[in-house]
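Welcome! Here is a short briefing to read alongside the model, arranged by topic.

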Amino acid sequence: MGSVKVSVRGCRPQLLFPVLLLWALAAHAEDVLYDDNFEPDSSKFKLVVDEAKAPRYLLYDVNPGEGFNLRRDVYMRIAVLVRNLNEDSPWILVLPPWGRMYHWKSKDVGQQIRIPWSTFFDLESLRRFVPVMEFADFLKISPSKEINEVYYLQNYKEGWDKWEEKMDKRPCIFNPYYFDSEQDRWHGWFFGYEEEVWTKKLECLSVMGHASFLKPFLTQNRTARSIMLDRAEIVLHDRYGDSVFWQARRSMRFAQQLRDIADDFRREFLDSTDEKDETVLDDDWTQMKRNHGDAKGGPYLSVHLRREDFVRSRRKDIPSLEHAAKQIKKLMTKLKLKRVFIATDAPQNEFGELKSYLEEYQVYRFTPTPEVKSKYKDGGVAIIDQWICAHAKYFVGSRESTFSFRIQDEREILGFDPEKTFNRLCNEEDKECEQPAKWKIVY
Ligand SMILES: Nc1nc2c(ncn2[C@@H]2O[C@H](COP(=O)(O)OP(=O)(O)OP(=O)(O)O)[C@@H](O)[C@H]2O)c(=O)[nH]1
Ligand SMILES: [Mg+2]
């Protein structure tokens, strides 16, 4: 250690110096006590006493139309940006509560808004990549419920001919916030805290660029302690698929309670445990590194069969139930399997129809108990489905579904052979049936 950089809040440097010197000496005590040839080297103890910096808070939100799995992708872009910001000064990423999701339609679970991240994810794992805090905790430490500045990101109204990184404050093309002129404040959705939370400063920002392109804009801003970027999906990944990208992805471990429910289901119905399947997780993802093929997976085929809106909006990609069953049968024969797990957003009658085409096999779907459903809601059930799919010997998904993509990443982290992961079902008209690109993990 050549120099010791210390930040201490609110203390006079004159008083601090002796204390810090003692600390530095203690830190080097072994050198001092046991090195016979020890000669004092003043450069070793050079103390740079810096002004303490209080953390700043970065919040973000995503276009309300986006689903759960694209939102997870946007988290990664912002987490990489916040990690970059932390190279110079402390920033905390404030996690946007989950809610108001188009697909989360269950009526019997209460309102699906203001759901904290800890319901779905393991915060300790997230924090091994970047400092994060729940929005509710952010509100506790900001009693005025104010977000200092909100920037609503948008594309360039005129479009573009040449891609280049740029940003400009521009009039809003669309502005979902509303102004309370009596109080001189802007209000907006703010993750379901519409009435309480507000900002005095709202501006629209046309941006074309990667997430970390916003870094100078954020660091040069000296007035705001909390800044929110709305429509954060406008910015791109810094480097899609590189090792930092994968660190962010690996940090997004599902909450233990959801993994436990999924693991119980695997054990009870699918003859699948981590020990047998060779999918045991290290407690700390930063220490975990698997080679392709290390994971064997449970003795079942897993299928993500995307239905609902995809049946209408992606008619060319989504197979009929009968054709899906035909492809499943072929795989079951090839893989010599008896059990198949279906993750799907299909209504029960469609699932029943699919099952009727697969009579010779044991066909499973995860059905939550009322307690699990009301505690973890549609998002939690989707995660349980994803976790079960991630552990099968072989996975086949649906074309261009981010739900399928997230299962694929999970299998890369666990160490499956990519041939057993990057597969999809095809529509009967699609004779070529091109298979998905293999986005392999990078450490
Ligand atoms: N439980 C469960 N829910 C599903 C399944 N497939 C889709 N869903 C629901 O539908 C949502 C899918 O939305 P997204 O997360 O946007 O993924 P996607 O719509 O497949 O992909 P993009 O629209 O391309 O982003 C999920 O969040 C779930 O709520 C499934 O297999 N099981
Ligand atoms: Mg979607």
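A disulfide here is a pair of cysteine sulfur atoms within 2.5 Å. The torsion about the S-S bond of Cys172 and Cys204 is about 100°, so this disulfide is right-handed. This is a predicted model, in which local features need pLDDT of at least 70 and side-chain atom pairs count only at pLDDT 80 or more, while totals for chains, interfaces and linings use all residues. Residues are numbered from 1 along each chain as its sequence is written, chains are lettered from A and ligands numbered from 1 in the order in which they are written, and side-chain values use heavy atoms, with hydrogens and water left out.

**The chain as a whole**

- The protein chain has 14 helices and 15 strands; helices (H or I, at least four residues) and strands (E, at least two) are DSSP runs, numbered from the N terminus.
- Of the 443 residues in the protein chain, 52% are buried. Buried means under 20% relative accessible area, exposed means over 50%, and partly exposed is in between (1.4 Å probe, protein chains only).
- The protein chain has an accessible surface of about 22,200 Å², and carbon and sulfur atoms account for 50% of that surface. These areas come from the Shrake-Rupley method with a 1.4 Å probe; for residues, only the protein chains shown count as cover.
- Take the contacts (heavy atoms within 4.5 Å) in the protein chain between residues at least 6 apart in sequence: 73% of them join residues at least 24 apart.

**Two disulfides**

- Searching the whole structure turns up two disulfides, and with bonded cysteines counted along the chain they follow the pattern 1-2, 3-4.
- In general, a disulfide is a covalent bond between the sulfur atoms of two cysteines.
- Cys172 and Cys204 are joined with an S to S distance of 2.0 Å. Cys172 lies in the loop between strand S7 (166-170) and strand S8 (178-180), and Cys204 lies in strand S10 (residues 201-208), so the pair ties together parts that are 32 residues apart in sequence.

**An open sheet of seven strands**

- Follow the order S5-S4-S3-S11-S6-S10-S7 to trace an open sheet of seven strands with mixed pairing. Two strands pair if DSSP finds at least two bridges between them.
- Strand S5 (132-134) and S7 are the edge strands, each pairing on one side only.
- From one strand to the next, the twist averages 30°.
- Within this sheet, strand S3 (residues 56-60) pairs in the parallel sense with strand S4 (residues 91-95) over four bridges. Arg56 has Trp91 in S4 as its bridge partner.

**Strand S12 and its partners**

- Seven of the eight residues of strand S12 (residues 298-305) are buried, so the strand is mostly covered under the cut-off of 20% relative accessible area.
- S12 runs parallel to strand S13 (residues 339-344), joined by six bridges, and Val303 stands opposite Ile342 in S13.
- S12 also pairs in the parallel sense with strand S15 (residues 392-396), over four bridges. Here Ser302 has Phe395 in S15 as its bridge partner.

**Two packed helices**

- Helix H14 (residues 402-414) packs against H7 at an angle of about 100°, with the axes 11 Å apart. Axes are lines fitted to C-alpha atoms, for helices over the stretch in contact, and angles run from 0 to 180 degrees between N-to-C directions.
- That makes H7 roughly perpendicular to H14; angles under 35 degrees count as roughly parallel, over 145 as roughly antiparallel, 65 to 115 as roughly perpendicular and the rest as oblique.
- Trp246, Arg249 and Arg250 in H7 meet Arg406, Asp409, Glu410, Glu412 and Ile413 in H14.

**Positive phi values**

- Most residues other than glycine have a negative phi.
- Phe190 has a positive phi, near 40°. Phe190 is found in the loop between strand S9 (185-187) and S10, and is buried at 2% relative accessibility.
- Arg231 also has a positive phi, near 60°, and lies in the loop between strand S11 (226-230) and helix H7 (243-251).
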